[in-house]
Amino acid sequence: MIKRQSLKRSAAFVLCLTVVTGLTACSSGGFPAFGPKRGDASPFAPGVNMRKDAEDGVEVAHRLMAAGEYELAIRAFNRAALATELNAEILSGLGSANLGLGRLGQAEKLLREAVAKDSTQPEVWNNLGVVLMERGKLAEANLTFRKAYALDNGESDAIRDNLRLALAKTENSATIQNQEDDYKLVRRGSGDFLIRSVP
């Protein structure tokens, strides 16, 4: 008898709790929304803004170059090439990134392709000159830097400094061995990258 009364009380309590819960949910306030309030700082990542223009892939690659992230820069340049075309700027960027990784043969091949695509850009000639200097091709490097300097009309400090270093190294090549010079890679527009001699 006692057990039956206890069961009836339990059932009545559960029923009462269910009714109260249902009334609370139907009230104007309702249950609070799951997660943080709008005014709170959300711990979750924001959604993707589909209306905003995507970041330029080549610019992203140049930023990675400036940060010394050459492998990531190569991936970014490759994605940019798929999105647009494999133009001289992208080829030059790929060559410069490979130079940063010490892949001199690949860097030279890509930069020669860049020059073949667009021979009017002093930045590309400059970067090819840097690779040729790193490979010990001093005579061709000097001619390449001269070409870059002429196309640039002497406006770029980086190209002028590279030409000066190349000429000095050529003149002193018989007496100075293993001299470490810092040559600058130049990209189209503003900014240049310093690439130290590859060991």
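The following dialogue explains how to read several features of this predicted model.

Q: What percentage of the residues in the chain is buried?
A: A residue is buried under 20% relative accessible area, exposed over 50%, and partly exposed in between (1.4 Å probe, protein chains only). Here, 33% of the 199 residues are buried. As for the surface, the chain exposes about 13,200 Å², of which carbon and sulfur atoms supply 55%; these areas come from the Shrake-Rupley method with a 1.4 Å probe, and for residues only the protein chains shown count as cover.

Q: Which members of the largest nonpolar core touch the most other members?
A: In soluble globular proteins, nonpolar side chains tend to be buried together. A nonpolar core is a set of buried Ala, Val, Leu, Ile, Met, Phe, Trp, Tyr and Cys residues joined through side-chain atoms within 4.5 Å. The largest such core here has 40 residues, and Phe77, Ile90, Leu99, Met133 and Phe145 touch the most other members. Among the elements that each supply at least two residues of this core are α3 (70–83), α6 (122–134), α7 (138–152), α8 (157–171) and β1 (183–186).

Q: With which residues is Phe145 in contact, leaving aside its neighbours within four places in sequence?
A: Contact means heavy atoms within 4.5 Å. On that basis, Phe145 is in contact with Asn126, Gly129, Val130, Met133, Ile159, Asn162, Leu163, Ala166 and Tyr183. Across the chain, 46% of the contacts with a separation of 6 or more are between residues 24 or more positions apart.

Q: Which residues of α7 are buried?
A: The buried residues of α7 are Leu138, Ala141, Asn142, Thr144, Phe145, Ala148 and Asp152. They lie on the same side of α7 because they cover an arc of only 165 degrees around the axis, where the arc is that of the directions from the helix axis to the C-beta atoms. On the other side of α7, Ala139, Leu143 and Ala150 are exposed. The cover over the buried residues of α7 includes α6, α8 and β1.

Q: Where is Asn153 found?
A: Asn153 is found in the loop between α7 and α8. Its phi is near 60 degrees, a positive value in a residue other than glycine. With 63% relative accessibility, Asn153 counts as exposed.

Q: How many salt bridges does the structure hold?
A: Side chains of opposite charge can pair when their charged atoms come close. A salt bridge is a side-chain nitrogen of Lys or Arg within 4 Å of a carboxyl oxygen of Asp or Glu, and the structure holds 9 of them. One of these joins the side chains of Arg103 and Glu71 (2.6 Å, N to O). Arg103 lies in the loop between α4 and α5 and Glu71 in helix α3, so this pair ties together parts that are 32 residues apart in sequence. Another salt bridge joins Glu59 and Arg63 (3.8 Å, N to O), which both lie in helix α2, 4 residues apart, about one turn of the helix.

Q: Is Glu108 buried or exposed?
A: Glu108, which has its place in helix α5, is buried, with a relative accessible area of 6%. Glu108 also forms a salt bridge with Arg112, the closest N and O atoms being 2.8 Å apart. Arg112 is partly exposed, at 34% relative accessibility. Salt bridges that share partners join Glu108, Arg112, Arg135, Lys137 and Glu140 into one network. Not counting residues up to four places away in sequence, Glu108 touches Leu128, Val131, Leu132, Arg135 and Lys137. The C-alpha atoms of Glu108 and Leu132 are separated by 7.3 Å, although these residues are 24 residues apart along the chain.

Terms used:
Residues are numbered from 1 along each chain as its sequence is written. This is a predicted model: local features need pLDDT of at least 70, side-chain atom pairs count only at pLDDT 80 or more; totals for chains, interfaces and linings use all residues. Side-chain values use heavy atoms; hydrogens and water are left out.
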